Amino acid sequence: MRNRPLEFDVSLPGGIPDRYDQHTVRRLSSMRGYFADTDSFSSMLAAEDMVLYEVYELVRASAPGELLHGLSVVHPGKVGAEYFMTKGHFHSVLETAEVYYCLQGRGMMVMETPEGDWSVAELRPGRVLHVPPRWAHRSVNVESGQDLVTFFVYPAHAGHDYATIQVAGLRKLVIERDGRPLVVDNPRWCSSGPPQGGDGI
Ligand code: PAN
Ligand code: ZN
């Protein structure tokens, strides 16, 4: 595994780094069950399996002391009234934090803890967000016509627990109302108990 200093440039607008090891592309079809308006989801998917977001990652060893980092690009759009967003996850090792730095666009980070706290933070160019240990996180692009680009860095042993959010959702949704983003309760949110841990999906 690489153990030499690493540099790369990020071209803006767009947010694509000039070097990366892994490029993940999340399409609408991989987000079944994540959006509240299931009718809009189905009709959109029937028309086109569009790309909602992409992640460029630099691979490092999953060793204590290492950091994983990369770029997240959430494209603009909505399913019904709900803005395009990432799946969202807890870290499998709950006691691990993450830092996001917004490079482009306008977004919101929707966060919550297993204990019932929730928070929504604004993402805009130049703004740094520290997501503390225990907080699930999902980024939402609230600007029409522009990608939301963020740089992220987190401990390499953190892992990702997607299952808890996939089953239970997050407590809050971000929808467009009268042309503006609005944070509302998720009518389908259900308490799933403690995060399930584990990787994948
Ligand atoms: C980020 C996210 C990235 C995509 O690298 O993984 O923004 O979001 P999902 O993983 O929820 O699909 C991060 O938070 N890593 O821990
Ligand atoms: Zn994370």
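With a relative accessibility of 26%, R134 is classed as partly exposed, where buried means under 20% relative accessible area, exposed over 50%, and partly exposed in between (1.4 Å probe, protein chains only). The structure is a predicted model, in which local features need pLDDT of at least 70 and side-chain atom pairs count only at pLDDT 80 or more, while totals for chains, interfaces and linings use all residues. Residues are numbered from 1 along each chain as its sequence is written, chains are lettered from A and ligands numbered from 1 in the order in which they are written, and side-chain values use heavy atoms, with hydrogens and water left out.

R134 is placed in the loop between strand 12 (128-131) and strand 13 (136-141); helices (H or I, at least four residues) and strands (E, at least two) are DSSP runs, numbered from the N terminus. The phi angle of R134 is near 85 degrees, a positive value in a residue other than glycine. D178 is located in the loop between strand 16 (172-177) and strand 17 (180-185), and its relative accessibility of 75% makes D178 exposed. In general, most residues other than glycine have a negative phi, and most peptide bonds are trans. The peptide bond between L12 and P13 is cis, with omega about 0 degrees, and P13 belongs to the loop between strand 1 and strand 2 (16-17).

P132 also lies in the loop between strand 12 and strand 13. Its relative accessibility is 28%, so P132 counts as partly exposed. Residues up to four places away in sequence aside, P132 touches T96 and A97, contact meaning heavy atoms within 4.5 Å. P132 and V99 are 33 residues apart in sequence, yet their C-alpha atoms are 8.5 Å apart in space.

At the level of the whole chain, the secondary structure consists of two helices and 17 strands. The radius of gyration is 16 Å, close to the 17 Å that the globule rule gives for 201 residues, so the protein chain is as compact as a globular protein of that length. This radius is taken over C-alpha atoms, and the globule rule is 2.2 Å times the number of residues to the power 0.38. Along the principal axes, the C-alpha atoms fill a box of roughly 50 × 40 × 30 Å. Of the contacts between residues at least 6 apart in sequence, 70% join residues at least 24 apart. The protein chain exposes about 9700 Å², of which carbon and sulfur atoms supply 50%; accessible areas come from the Shrake-Rupley method with a 1.4 Å probe, and for residues only the protein chains shown count as cover.

Buried residues account for 45% of the 201 residues. In soluble globular proteins, nonpolar side chains tend to be buried together. The largest nonpolar core has 40 residues, of which M31, F35 and L129 touch the most other members; such a core is a set of buried Ala, Val, Leu, Ile, Met, Phe, Trp, Tyr and Cys residues joined through side-chain atoms within 4.5 Å. Strand 10 (residues 107-112) provides the largest share of this core, four residues. Another core, of six residues, lies apart from it and includes F8, L58, L71 and V149.

Beyond neighbours within four places in sequence, the contacts of L129 are E98, V99, Y100, M109, M111, A121 and L123. V110 is situated in strand 10 and is buried, at 3% relative accessibility. With neighbours within four places left aside, the contacts of V110 include H137, R138 and V140. F8, in the segment before strand 1 (10-11), is in contact with L58 and L71, among others, when neighbours within four places in sequence are left aside. F8 and L58 are 50 residues apart in sequence, with 9.9 Å between their C-alpha atoms.
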